[in-house]
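Hi,

Here is the structure I promised to pass on. Have a look at it first, and then read my notes below.

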Amino acid sequence: MTLEEVETQLDPQRFMRVNRQFIISAAAVQKLSTYFLGKMRIHMTAAPDEEIIVSKDKVATVKRWLDS
């Protein structure tokens with residue numbers, strides 16, 4: 001399956017596609033940190049060494065999703 005196909009089958013309140021490579025679970029987010037040029041890095045409990053970067057255009061959307 002493609003990520004697009006997987007994304008349509010997941011609950012959007014619990015899972016979000018944050019970039020071209022990753023769909024994340026809100027429950028697995030450990031912390032957020034700033035990154036270069038207005039981007040954001042997401043630190044996950046399940047994959048602490050994985051570098052998940054969110055574009056500056058999507059940062060506000062991801063933060064709102066996590067706050068809801």
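To start with one spot: where does Leu-37 lie? Leu-37 is in the loop that runs between strand S3 (29-34) and S4. Keep in mind that this is a predicted model, so everything here is computed from it.

I picked Leu-37 for its backbone. Its phi is near 55°, a positive value in a residue other than glycine. As a rule, most residues other than glycine have a negative phi. Leu-37 is in the turn of a hairpin that S3 and S4 form, with five residues between the two strands. The side of the story you can see from outside is simple: with a relative accessible area of 74%, Leu-37 is exposed. As for the strands themselves, S3 and S4 pair in the antiparallel sense, over five bridges. One of the pairs to look up is Thr-34, whose bridge partner in S4 is Met-40.

Next, Arg-41, which also has its place in S4. What would you expect of a charged residue that is buried? Here, Arg-41 is buried yet has no salt bridge. The nearest side chain of opposite charge is that of Glu-51, 4.3 Å away.

- Val-18 sits in the loop between strand S1 (15-17) and strand S2 (23-25). Despite the loop position, Val-18 counts as buried, at 1% relative accessibility. Beyond four places in sequence, Val-18 is in contact with Ile-24, Ile-42, Ile-52, Val-54, Lys-58 and Val-62. The C-alpha atoms of Val-18 and Ile-53 are separated by 8.0 Å, though the two residues are 35 apart along the chain.
- Ile-52 touches Val-18, Asn-19, Phe-22, Ile-24, Met-40, Arg-41, Ile-42 and Met-44, again not counting residues up to four places away.

Which residues of H2 are buried? They are Val-59, Val-62 and Trp-65. These residues are on the same side of H2, because they cover an arc of only 130° around the axis. The buried residues of H2 pack against S1, S2, S4 and S5. On the face turned away from that buried side, H2 carries the exposed residues Arg-64 and Asp-67.

Last, a quick stop at the other helix. Val-6 lies in helix H1 (residues 3-9) and is partly exposed, with a relative accessible area of 26%. Val-6 and Met-16, 10 residues apart in sequence, are 11 Å apart in space, C-alpha to C-alpha.

Cheers

Technical notes. Residues are numbered from 1 along each chain as its sequence is written. This is a predicted model: local features need pLDDT of at least 70, side-chain atom pairs count only at pLDDT 80 or more; totals for chains, interfaces and linings use all residues. Side-chain values use heavy atoms; hydrogens and water are left out. Contact means heavy atoms within 4.5 Å. Helices (H or I, at least four residues) and strands (E, at least two) are DSSP runs, numbered from the N terminus. Buried means under 20% relative accessible area, exposed over 50%, partly exposed in between (1.4 Å probe, protein chains only). Lys and Arg count as positive and Asp and Glu as negative; His and the chain ends are not counted. A salt bridge is a side-chain nitrogen of Lys or Arg within 4 Å of a carboxyl oxygen of Asp or Glu. Two strands pair if DSSP finds at least two bridges between them. The arc is that of the directions from the helix axis to the C-beta atoms.
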